[in-house]
2 protein chains.
Amino acid sequence: MTPQPPIDTSYIAGSTRLFAIVGHPIDQVRSPEMVTAEFKRRQKDAILLPLHVLPEDFDSVLPAVMKVHNLDGLVFTVPYKVRACALADELGAQARLVGATNAMARRPDGRWVADMFDGLGCVEAFRRQGFSFAGRRAMLIGAGGAGSAIGVAIAHEHPAAIRLHDIDDGRARVLADKIRQVDKSIAVDIGPPAWDGMDALINASPVGMLDDRRVPVAASSLPPGLMVLDAITKPEKTGLLALAEASGCPTLRGRDMMNGQISRIVDFFAY
Amino acid sequence: MTPQPPIDTSYIAGSTRLFAIVGHPIDQVRSPEMVTAEFKRRQKDAILLPLHVLPEDFDSVLPAVMKVHNLDGLVFTVPYKVRACALADELGAQARLVGATNAMARRPDGRWVADMFDGLGCVEAFRRQGFSFAGRRAMLIGAGGAGSAIGVAIAHEHPAAIRLHDIDDGRARVLADKIRQVDKSIAVDIGPPAWDGMDALINASPVGMLDDRRVPVAASSLPPGLMVLDAITKPEKTGLLALAEASGCPTLRGRDMMNGQISRIVDFFAY
C-alpha cells in the first residue's frame with residue numbers, strides 16, 4: 001500500500017461533542033472557526049459547525065436537530081434570532097427583554113435554555129479593557145436589533161445614565177422602556193448623539209458600514225477619556241473609530257465585541 | 001487585550017460542506033477522522049461528523065437532517081444499515097442485493113442515492129495489492145451482514161468460483177442465490193472451508209474476534225500463493241492472519257478493508 005502522508009484530523013472523532021450555528025445564508029459566518037478555537041483553547045473535544053437551514057425548513061428541521069444526542073448547543077444568526085425563541089424551554093433575562101436569542105444550550109436535565117449574547121459581547125469587550133458600566137454614563141446610537149441587545153446588556157450593569165439615539169424615535173422609546181424594566185434607577189433619555197460628560201460612546205447603527213463614509217456623530221474631536229466602541233465589523237476601522245483615535249480615545253472594534261461574545265457563549269455552553 | 005495563542009481551526013468555516021455518520025452508539029466510530037482525512041487529502045473543504053441518533057428518533061430526525069442545505073452525504077453504521085434503505089430515492093446495485101446501505105449522497109438534482117460499500121472495501125483492498133477477482137477462485141467464510149456485502153461485491157468482479165461457508169447453512173444459501181443473481185456463470189458452492197486450489201481466502205465471520213483465539217480454518221499451513229483477508233479489526237493480527245503469514249501468504253487486514261471502503265465512499269461523495 002502507498003504510505004499516506006500524515007494528516008492531522010485530531011479535531012474530529014466519534015466522541016466529539018457537536019455545536020452548530022444555524023443561518024441563511026451561512027458561508028459568511030465566522031463562528032465555526034472562532035467558537036471552535038475557543039473550545040480548543042479550553043481543551044474541550046467539541047466543534048461548532050455551520051448549518052444552512054432554509055426559512056421554509058426551519059420549523060421542521062430544528063426540533064429534529066435538537067434530538068441529535070451528541071449535539072449540545074446552537075447559535076442562531078440572521079434571519080433566525082427572533083424565531084428561535086420558540087424552540088427554548090426557558091429564555092434568559094436578556095433574550096426575554098430583547099425578544100431574540102442567539103445561543104441555546106441543552107442542560108444536563110435535557111431542557112433547552114436560550115439567551116441573547118449580542119449585547120453581552122459589548123459589555124465583555126469593555127470589561128476586558130478594565131471598564132465597568134456601573135455608575136457610568138453611556139451614549140448609545142442605534143436601537144435596532146444590535147442596539148437593543150447592547151442597551152439591555154448595559155442596563156444589567158447598572159449605569160447612572162444612558163442616552164439613546166435612533167433615526168426612528170419609536171424604536172428608541174421601546175428600548176428606553178426595556179432599560180427601565182431592567183433597572184428603573186437608570187436615567188434614560190432620548191436625544192441627539194452627545195459625548196460631553198459621557199464615559200462611553202457606542203455606535204450600534206449601520207452608519208459607517210462598508211462604503212458608507214459617514215460618521216454617526218457631528219464632531220470634529222471627542223473628549224480624550226471617552227471609551228468608543230463601534231459594533232461595525234466591516235470596515236475594521238470605521239470613520240468613528242478613526243475620529244476617536246485621532247482624539248486620543250481608547251477604542252473597541254466590532255471584532256472585540258465578537259471575541260467578547262464568543263467567550264460568553266462558550267461559558268454558557270460549558271459542559 | 002491578552003494576545004491569544006494561535007490555534008489552527010482552518011478545518012472548519014462557514015463554507016465547509018458537511019457529511020455525517022449516523023449510529024447508536026457513536027463514540028467508537030472511526031469514520032470522522034478517517035473520512036475527513038481523505039477529504040483533506042483531496043483538498044476538499046469538507047468534514048465528516050458523528051451524529052448520535054437514538055433508535056426511537058431515527059424516523060423523525062433523518063428526514064430533517066437530509067434537509068440541511070450544506071449537508072451532502074451520510075454514512076450509516078450499526079444499527080441503521082437496513083433501516084436507512086427507506087430514506088433513499090434510489091438504491092445502487094450492491095445495496096439492492098444486500099438489502100442494506102452504509103452511504104448515501106445528495107446528487108446535484110437533489111435526489112438521495114444510497115449504496116453499500118462494506119463489500120467494495122474488500123474488493124478495493126485486494127485491488128490495491130494488484131489482485132483482481134476476475135476469473136479467480138475465492139473462499140468466503142461467513143454469510144452474515146459483512147459476508148453478504150463481500151460476496152455480492154466479489155460477484156460483481158466476475159470470479160470463476162466462490163465457495164461459501166457459514167455455521168448457518170440457510171444464510172449461505174441465501175447469499176449463494178444473490179451471487180447467482182449478479183452473475184449466473186459463477187460456480188457457487190456451499191461447504192466447509194477449503195484453501196487448496198483457491199486464489200483468495202476471506203474471513204467475514206466473527207471467529208477470531210477480540211479474545212476468541214480460534215482460527216476459522218482447520219489447517220496447520222496454507223498454500224503460499226493464497227491471498228488471505230480477515231475482515232476483523234480487533235485484534236489487528238488475528239490467528240488466521242498469523243497462520244497465513246507463517247505460511248508465506250500475502251495478507252490483508254480489517255484496516256485495509258476499511259481504508260479501501262473509505263476511498264470508495266469518498267469517490268461516491270465526490271462533489
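**Strands, helices and chains**

Reply: A:Ile21 stands opposite A:Val75, a residue of strand β3 of chain A. This is a predicted model, in which local features need pLDDT of at least 70 and side-chain atom pairs count only at pLDDT 80 or more, while totals for chains, interfaces and linings use all residues. Residues are numbered from 1 along each chain as its sequence is written, and chains are lettered from A and ligands numbered from 1 in the order in which they are written.

Me: Ok, how many bridges join β1(A) to β3(A), and do they run parallel or antiparallel?
Reply: Strand β1 (residues 17-23) and strand β3 (residues 71-76) of chain A run parallel and are joined by 5 bridges. Strands here are DSSP runs of E with at least two residues, helices are runs of H or I with at least four, and both are numbered from the N terminus.

Me: And which residue of β5(A) is the bridge partner of A:Val75?
Reply: That partner is A:Ala103. β3(A) and β5(A) (residues 103-106) run antiparallel, with 3 bridges between them.

Me: What order do the strands of the sheet have?
Reply: In chain A the order is β2-β1-β3-β5-β6-β4, which makes an open sheet of 6 strands with mixed pairing, where two strands pair if DSSP finds at least two bridges between them. The edge strands, each pairing on one side only, are β2 (46-52) and β4 (90-91) of chain A.

Me: Which strands does α8(A) touch when it packs on that sheet?
Reply: α8(A) touches β1, β3, β5 and β6 (112-115) of chain A, and its direction makes about 20 degrees with that of β5(A).

Me: How do α1(A) and α8(A) cross?
Reply: The axes of α1 (residues 31-41) and α8 (residues 254-269) of chain A come within 10 Å and cross at roughly 55 degrees. Axes are lines fitted to C-alpha atoms, for helices over the stretch in contact, and angles run from 0 to 180 degrees between N-to-C directions.

Me: Which residues meet there?
Reply: From α1(A) there are A:Met34, A:Val35, A:Glu38 and A:Phe39, and these meet A:Ile262, A:Ser263, A:Ile265 and A:Val266 of α8(A). By class, this contact has 6 nonpolar, 1 polar and 1 charged residues; Ala, Val, Leu, Ile, Met, Phe, Trp, Tyr, Cys and Pro count as nonpolar, Asp, Glu, Lys and Arg as charged, and the others, Gly among them, as polar.

Me: Switching topic, how many residues of chain B are in contact with chain A?
Reply: There are 39 residues of chain B in contact with 37 residues of chain A, where contact requires that the C-beta atoms, placed from the backbone, lie within 7 Å. On the chain B side, the elements giving two or more residues are α1 (31-41), β2 (46-52) and α2 (58-65), and α1(B) gives the most, with 6 residues. That side of chain B divides into 20 nonpolar, 10 polar and 9 charged residues.

Me: And how do α2(A) and α2(B) pack?
Reply: α2(A) (residues 58-65) and α2(B) pack at an angle of about 125 degrees, and their axes are 8 Å apart. The contact is made by A:Ser60, A:Val61, A:Ala64 and A:Val65 of α2(A), together with B:Ser60, B:Val61, B:Ala64 and B:Val65 of α2(B). Those residues divide into 6 nonpolar, 2 polar and no charged.

Note on methods:
Contact = placed C-beta atoms within 7 Å.
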